[in-house]
Amino acid sequence: MRVAPIEEDTIFLRKTVSGLREEVDQLTMLQDICTQIISNYDFDQIINMFLDIVNEVISYNSCILYLYHEGLNSYRVVGFRGVSEKDLKGYELDDEIINWVLKEGRWTHVSFLERPNPKDNDFASILPLQGAKRNLGFLLTFSDTERNVFTQANTKHLSFIASQTGIALENQGLYSKLNHSKEYIKNILESINNGIITIDMADRITQINKNATAMLGLPSADIIGFNYRDTLAKDLVKMIDKVKKRALKDGFAFETVFDYFPAKDLRIPLGINSSVLLDDKSNRIGIIIVFRNMLALKELERLRQLDELKSEFVSNVSHELRSPLSVIKSYVEAMLDQVDPSDYQTQRKFLTVVNNETDRLTALVSDLLDISRIESGKFEIELSPVALSDIVQIAVRDLEDRTDKHQVVVDIPPLLPDLSADKDKMVQVFLNLLDNAIKFSPGGGKISIKAGVKGKMVKCDISDQGIGIATRDIRRIFEKFYRVDTSDVYEISGTGLGLSIIKHIVKSHGGKISVRSKLGKGSTFAMLLPFDNNQGDQNGRDENDLGRR
Amino acid sequence: MAYIRLEDKLSKIDDLPTLSVIANNIMLITQNPKSSALEVGRAISQDQALVSRILRIANSTFYGFPQKITTITHAIVILGFANIRNLVLAASILDMFPTKGGDGYFDREEFWKHSLACGVTSKLIAKRLGLKNLEEVFIWGLLHDIGKLILDAYFDEDFTGVIRLVKEKEILIRDAELQLLGFDHAEVGGIVADKWGLPGALTKVIRFHHNPPRANESMRMVAIVHLADVLCRAIGLGNAGDSKIPCIHEGSWKLLNLNKQIVKRLFSEIEREIMNAKALLVFAN
């Protein structure tokens, strides 16, 4: 049978025109809905909107959405409707057909499909989801055959919806990748020990890590987006301005160190450097500023030096302990084995040596004890009014026994006010200083002790004409364990503790000690010691007054 | 002026071909977006010979569906409306102008080979441009030179003169047509396409494939076929009546944003695709 030409059928034409009009309306509406899908970055929402809208077009009974998973290298179910979860595995998809449909990129009916509870009157179809350059997956749908869903319009609509959803999914993928790498970079930023701030070309803070907030003592990290000049402390802004200027000129700024005061009385030495941030087209997009807490670094350096000093100390002390002990041992041995028991003179001579060495040992041990007391904070002084002349007298008497080569000159004004001091400790100070004066002037010479009043203190200088102290050592001679290295010229023993103890004693009296020296010419240790308060007023005259009396 | 002369000439031909009834019906049915696979299938089923030809081609390597397609409705839901409509159209036109025919001056077999290559190339260019309805683009390329067949069949003497002039002077067939007839095959094809009620885009391609800017807002579609035509001539796929390669319209080249490297890649793809498409020519006979 041949049909008559339909072109004459006006009803047909009218239907066609109305169908076309409806098509335009539907496409307009679809476009609006798809705009919503595209502007969404939530994966689940995109999937749900997609399944909703496909259902609106072909009212499926059930559907399963498969998306390609790169890690698994296969398609996996990401959404389904009208299917029970346990039935999902029952759908056996023919790879060849799937690949064909994806290659053609068209909504296609498929009849060859193994599935649970198959129905005779359902229409199975595959709608490919394509991104810009690759297949993303496909939607498997089942609808009633009677509904006659396979029309040109539906084909067009589904193809449009699928392409928009494909774009939405790709955008979403890129978006989450972007978020992921943002998180990754943030994690890196946070785990760096340095403080990091980035600013854009309009001086707005674009990134700040927790270390920067902590290091700079910022109340909150919530300053992103604000101009750094408005949010950071003035001295910090000044430093940032400086390194920023440098970075803009040279591309980077070397580290400079400055003292930062995040709070009153809290000083942190900070290292600051910066570099220009560029985008992929080498346009300047901002500056990265890196802060380094130098306090930790300095503390480390100090500990390292301390460690060095301690090892040096242990070797010094061992040497100091061993040499008197070996002298004692050899003299005692000699006395036991070689000295005639009746030779009292030799015995006495030997015993004197043993005695002296024992004194040395005792002094050393007591120095060590003093240091350990000072270090543990248990070093105490008992103050009472003492005349400086008494102290000096005791010390000088001891000194005279020990040297013939030195001439000691004492110049203390008779009306000098009493000191408020711990007499024993102060004697120890003078003994030590005089002992040093002798040790460090091996060629002999004059040792002078001169006192006077300066303000409300007694000033006392002890000078020698010895080997002197090099400038580089002067600063450090009061440090614990520090010894001026004279080994190449003279053999001078010591623990390196004496001056440290002296300084501590003087300081705990409220006094001061300093040194002036010239190599080869001698040294002067100058002390300022406080008066006894009770007589301070009546004796408060200055040096010149005293000098005239 | 040339257009009026041509209309006059065409109107004098009583037996100017019409599309087959089935093809005509399919053109009309598919104009309505609401038409379903069932309706299209019913219309095609009126001609069982056509049904078996369509099933043969649907199962050919050109479409390469992994399973056997046994019914016309099945063919429609798998190949889609556009493919089926194009198959019906192509079958109808090939019936009118069989490959074996004409007078030997114009080699129809070579002509169809060129048309097929042009369809394949147009499709590949469109794919590269990211277009989705590639089946449409294929038919544009396949039928763009339909005017030549009309001239060969109904203006036999004039057209023989045209071919002779082309061979003597080694000029483009279009220049020879304009010189001898005052109109060209594109204009003839356009008028016939209007008469047959072919889809608007296809009609524009047929009418303006030598001068894409005249298609105005449809220039992009026409430019695709224009470019495919020139490329196929350049690599000598079939012969459309002349051997001279026309210039590529610069605006079209720019519009499609192609470059030499893309074209190079296209060449290798064309060779592969054309092997599959040959099935269509077998189908023609």
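**Strands, helices and buried residues**

Visitor: How many bridges join strand β1 of chain A to strand β5 of chain A?

Guide: Six bridges join β1 (residues 62-69) to β5 (residues 135-144) of chain A, and these two strands run antiparallel. Within β5(A), A:T141 is the bridge partner of A:C63. Strands (E, at least two residues) and helices (H or I, at least four residues) are DSSP runs numbered from the N terminus, and two strands pair if DSSP finds at least two bridges between them.

Visitor: What should I know about the model and its numbering?

Guide: This is a predicted model, in which local features need pLDDT of at least 70, side-chain atom pairs count only at pLDDT 80 or more, and totals for chains, interfaces and linings use all residues. Residues are numbered from 1 along each chain as its sequence is written, chains are lettered from A and ligands numbered from 1 in the order in which they are written, and side-chain values use heavy atoms, with hydrogens and water left out.

Visitor: Back to the strands, then. In what order do the five strands of the open sheet stand?

Guide: The order is β2-β1-β5-β4-β3 in chain A, with antiparallel pairing. At the edges stand β2 (74-81) and β3 (108-109) of chain A, each with a single partner strand, so one side of each has no neighbour in the sheet.

Visitor: Which strands does α4(A) lie across?

Guide: Helix α4(A) lies across β1, β4 (122-130) and β5 of chain A, and runs at about 45 degrees to β4(A). Such angles run from 0 to 180 degrees between N-to-C directions, with axes fitted as lines to C-alpha atoms, for helices over the stretch in contact.

Visitor: Which strands are joined to β15(A) by bridges?

Guide: Seven bridges join β14 (residues 445-454) to β15(A), running antiparallel, and seven join β15(A) to β17 (residues 522-530), again antiparallel. A:S448 has A:S463 as its bridge partner in β15(A), while A:I462 has A:F525 in β17(A). β14(A) and β15(A) form a hairpin with two residues between them, and A:G455 in the turn has a positive phi of about 60 degrees.

Visitor: And A:F478, where is that found?

Guide: A:F478 is in the loop between α12 (471-474) and α13 (498-508) of chain A. A:F478 is buried, with a relative accessible area of 13%. A:F478 touches A:L499, A:S500, A:K503, A:I513, A:V515 and A:F525, not counting residues up to four places away in sequence; contact means heavy atoms within 4.5 Å. A:F478 and A:K503 are 25 residues apart in sequence, with 6.7 Å from C-alpha to C-alpha.

Visitor: Over to chain B. Which residues of α2(B) are buried?

Guide: They are B:I22, B:A23, B:N24, B:N25, B:I26, B:M27, B:L28 and B:I29, which is eight of the nine residues in the helix (21-29). The buried residues of α2(B) pack against α1 (10-38) and α4 (152-191) of chain A, and against α3 (37-44), α4 (48-58), α5 (72-96) and α11 (185-196) of chain B.

Definitions and conventions. Buried means under 20% relative accessible area, exposed over 50%, partly exposed in between (1.4 Å probe, protein chains only).
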